[in-house]
Structure formats: structure tokens, C-alpha cells
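Me: Could you pick one buried spot in this model and walk me through who touches whom there? I'm new to this, so please tell me what the words mean as you go.

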Amino acid sequence: MGMELDVYCYTTAMNACANDGNWKTALALMEEMAERGISPNEFTYSVAITACGNGGQWSKALELLDKMRSMNMKINTITYNSAISALAKAARTESKQQRRFDYHPTTPPESGNSDPGTLWRHALEIINNMEREGVKRDVFTYSSAINTCGAAGRWEEAVDLIRAMKEEDGGRDTRPNKVTYTSAIVACGNSGQWDAAFDLFNEMKREGLRPDLVAYNALIAAGMNGNKPDEVFDLWIELCQPNKENISPDIVTLTEVIATLDRASGKSNREKISYSPKLSSEA
């Protein structure tokens, strides 16, 4: 006699599919549950939404969220975070494809079901829905929304989310951390907004958060996109100095610094490449 399948068995199998990004099988299992008269619970839906997100199917993830709402099912923080994470992943994918197209205009970007201009609006809508429904928002919620906004070039919305985090009465659960600040800096940098990125970088340090190499590289990228050769060179010198965190530049740092100085007009900027021992030895 075989084991009787229940909601726990199906949800566990769907979770395995979610981890592999196998969204089709996960949804097929959900349909099989309905055929067998087994009602999915909130966790089942959350797993299905995660599976869709990992498989790049953000629209299906939102459809599942809407279905939960139509059935008056309770949507918790984990489920909402699964949906907003699906948006963030889709936004990053579309942004990478667009950057590849910018470098190789003859090769059109792969067609997908994502529009960064739509994704960030959905992310903010989820943030607002959570507030209306009294669902707790945490750092992951905000970080995913900031990533989604950043990929669409919506740097002002990303900065506004940092402010909302600081104003929300959630204690450590909503206090911006190093990852959140860095995501917002990236959002500003993608739009060439050096001043906003630099302000966030300094704000992070004032909050007692020590920037790591990822944060430095994000700020340098903002300087590169914002045509700030002097500021970028100062950051390079700062990174080359001994520091308590043992942070040292990597190939990403080097590439962006050289690109920034190379783009800048004027003999003094070109001479900086030979002025710095690290730059001159690596260039």
C-alpha cells in the first residue's frame, strides 16, 4: 500500500522544483493537487511563486499572488517577498541583456516577458499592498524593490525606499544594511547620478556600516557613468592605502578606473594613469 499524498508531500516536491527553477513541474503538481481534491495552503502558494521567480516567470508569480487574494488567503511576508524577488530577478536579467546589446548593437537583446519599466511599478505596488494589509516589510522586501527600481533606472524611487526604511517603525528588520545601501548606490550609478550615490555612500558610513569592495566598486561605477574622473581617482587612491578592512581593488575596480580616466578629456587625467603605481603596472 503506497503512501497517501497530502499537501505536505506536494509542497515538499514543489519546493525541490523551485530550487531547480523548474516552474512548469511545480505548477503541474499544483494542478494535480486540485484534481485530487487536495487544497494548497499559503506555503504551497509561496513555494509556487518562488518556483516561478527562479524560472524567470514573474507574471505567473503575480497571477498566483492575485489568486491568493481572490481566495481571501492570508499573504504573509515570505510570500510577498517571493513575488518581489521574482520581479528583482527578472529586472536584473533584462538589464544585463540590454547592457550586452549596448556593447554589441548588431545583436538584438533576447526577447523575454519582462519590461523593466513595468517591473518596478509592480514592486512598488507590492510594497504599498503590504502596508495597506498590515503585512510586515523587512530588509529583504526593500532590497528587492530597490534592485528592481535600479535595473529600470528609477534611482529616485530607490533613494525614496531607503528613506522609507529609515522612517518605518520596524527596528532592525527595516534598518538599511550594507547590501541595501549598495543596491541603492548601484541604482544611482546606473543612471549616472554621482551626487546621490556619493551621499548614500557617506550616509552608510555615518550609520556605522563600513563599505566593502562591492560598495566601493558601485560608487566608482557611478563616477564612471557620471564623468567624475577626479572623484574616481580619489577613491582609487583611498582603496590602495592600507585599511582596517583589508580592502584592496580588484579587476573590476581597475577596469572602471582606467575607463573613467581614459574617457575624460585633458592631459592631467591621462597622466594619472602613469602617476598611480598600481594603474601603471596593471594597465
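Reply: Start at Ile185, which touches Ala197, Leu200, Phe201, Met204, Ala218 and Leu219, leaving aside residues up to four places away in sequence. A touch, or contact, means heavy atoms within 4.5 Å. Keep in mind that this is a predicted model, where local features need pLDDT of at least 70 and side-chain atom pairs count only at pLDDT 80 or more, while totals for chains, interfaces and linings use all residues. Residues are numbered from 1 along each chain as its sequence is written, and side-chain values use heavy atoms, with hydrogens and water left out.

Ile185 belongs to the largest nonpolar core, a group of 79 residues (buried Ala, Val, Leu, Ile, Met, Phe, Trp, Tyr and Cys residues joined through side-chain atoms within 4.5 Å). Together with Leu64, Ile126 and Leu200, Ile185 is among the residues with the most contacts inside that core.

Now look at Glu203. You'll find Glu203 in helix H10, residues 194-206 (helices are DSSP runs of H or I with at least four residues, numbered from the N terminus). Glu203 counts as buried because its relative accessibility is 8%; the cut-offs are under 20% relative accessible area for buried, over 50% for exposed and partly exposed in between, with a 1.4 Å probe and protein chains only. What does Glu203 touch, not counting residues up to four places away in sequence? Ile162, Arg163, Lys166 and Tyr181. With Lys166 there is also a polar contact, side chain to side chain, at 3.1 Å (a pair of N or O atoms within 3.5 Å; within protein, one must be able to donate a hydrogen and the other to accept it, and residues adjacent in sequence count only if both atoms are side-chain atoms).

Step back, and the chain has 15 helices and zero strands. Out of 283 residues, 45% count as buried. Among contacts in the chain with a separation of 6 or more, 64% are between residues 24 or more positions apart.

Asn72 sits in the loop between H4 and helix H5 (77-103), and Asn72 is exposed, with a relative accessible area of 72%. Asn227 lies between helix H11 (213-225) and helix H12 (229-240), also in a loop, and counts as exposed at 51% relative accessibility. Phi is positive in both: near 60° for Asn72 and near 55° for Asn227. Most residues other than glycine have a negative phi.

Terms used
Helices (H or I, at least four residues) and strands (E, at least two) are DSSP runs, numbered from the N terminus.
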